[in-house]
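Here's a quick walk through a single-chain model, from its overall build down to a few individual residues. Have a look at it first, then read on.

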Amino acid sequence: MANGLTYTRTSASVDATKQLAATLAPLLRAGDVILLSGDLGAGKTQFVQGVAAKLGVTGAVTSPTFNIMVAYEQGTLPLYHFDLYRLETPEELEDIGYFETLDGPGASFVEWGDKFPDDMPYAYLDIHITVNEDESRTFCVHSYGDRPRRLLFLWSQDSRSRLRKA
């Protein structure tokens, strides 16, 4: 994981996961891409729910497994939530408008983007969630590119995030 910053945090509950996500939300800008990876049930969608709530999204935020992408545009920043779990080939990314959306006017959260590592943008924030034996979650956050590096640094400076340098 050269050429970027890496921070970690352990979360003991769903509420703590959403709180961590809420500390990231005010720092997001159009064009930010956040890759979320981890096993089924790790908390990827719960993380997006925390961001969405802080951005002012009032509707239900659910996993877009069957829709592939859901746009939430009523908050302070458009939020695009992808779930690539059901996609089989990189060519399917073209069919869903993936690349155009990443370059759009909002922040994009991509679950299961690690299935297509060659199709990730140059700059993104990678959040890998591990479920621990005690059911807590460990978030390992790594930045790729200049803007995500600055974003992660600013996020780590918020004492409420409780991110620690790895």
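## Overall build

Keep in mind that this is a predicted model. The chain has five helices and eight strands, and in sequence order they read β-α-β-α-β-β-α-α-β-β-β-α-β.

For 166 residues, a compact globule would have a radius of gyration near 15 Å, and the chain agrees with that at 15 Å. Its C-alpha atoms fill a box of roughly 40 × 35 × 35 Å along the principal axes. Of the 166 residues, 49% count as buried. The chain exposes about 8,100 Å², with carbon and sulfur atoms supplying 50% of that area. Among contacts between residues at least 6 apart in sequence, 64% join residues at least 24 apart.

## The sheet and its helices

The eight strands form an open, mixed sheet in the order E3-E4-E5-E2-E6-E7-E1-E8. E3 and E8 (164–165) sit at the edges with a single partner strand each, so one side of each has no neighbour in the sheet. E2 and E6 run parallel and share five bridges; Gly38 is found opposite Ile129 in E6.

What about the helices? H2 packs on the sheet and touches E2, E4 (79–83), E5, E6 and E7. The direction of H2 makes about 170° with that of E4. H5, for its part, lies across E1 (6–11), E6 and E7, at about 140° to E7.

## E4, covered on both faces

How many of the five residues of E4 are buried? Five of the five are, so the strand is largely enclosed by the rest of the structure. Leu79, His81 and Asp83 are buried on one side, and Tyr80 and Phe82 are buried on the other.

With E3 it pairs antiparallel over four bridges, and a hairpin of six residues joins E3 to E4. Here Tyr80 in E4 is the bridge partner of Ala71. With E5, E4 runs parallel over five bridges, and Asp83 stands opposite Glu111 in E5.

## Two nonpolar cores

The largest nonpolar core has 32 residues, and the members that touch the most others are Leu28, Phe47, Val51, Phe109, Ile127 and Trp155. Elements giving two or more residues to this core include H1 (14–24), H2 (44–55), E5 (107–111), E6 (124–131) and H5 (146–157). H2 gives the most, with five residues.

Beyond its neighbours within four places in sequence, Phe47 contacts Thr17, Leu20, Ala21, Leu24, Leu36, Phe109, Ile127, Phe139 and Trp155. There's also a second, separate core of 15 residues, with Ile68, Phe82, Leu87 and Leu102 among them.

Leaving out residues up to four places away in sequence, Gly113 touches Leu35, Leu84 and Met120. Glu92 is 21 residues from Gly113 along the chain, and their C-alpha atoms are 13 Å apart.

Note on methods. Residues are numbered from 1 along each chain as its sequence is written. This is a predicted model: local features need pLDDT of at least 70, side-chain atom pairs count only at pLDDT 80 or more; totals for chains, interfaces and linings use all residues. Side-chain values use heavy atoms; hydrogens and water are left out. A nonpolar core is a set of buried Ala, Val, Leu, Ile, Met, Phe, Trp, Tyr and Cys residues joined through side-chain atoms within 4.5 Å. Buried means under 20% relative accessible area, exposed over 50%, partly exposed in between (1.4 Å probe, protein chains only). Contact means heavy atoms within 4.5 Å. Two strands pair if DSSP finds at least two bridges between them. Axes are lines fitted to C-alpha atoms, for helices over the stretch in contact, and angles run from 0 to 180 degrees between N-to-C directions. The radius of gyration is taken over C-alpha atoms; the globule rule is 2.2 Å times the number of residues to the power 0.38. Accessible areas come from the Shrake-Rupley method with a 1.4 Å probe; for residues, only the protein chains shown count as cover.
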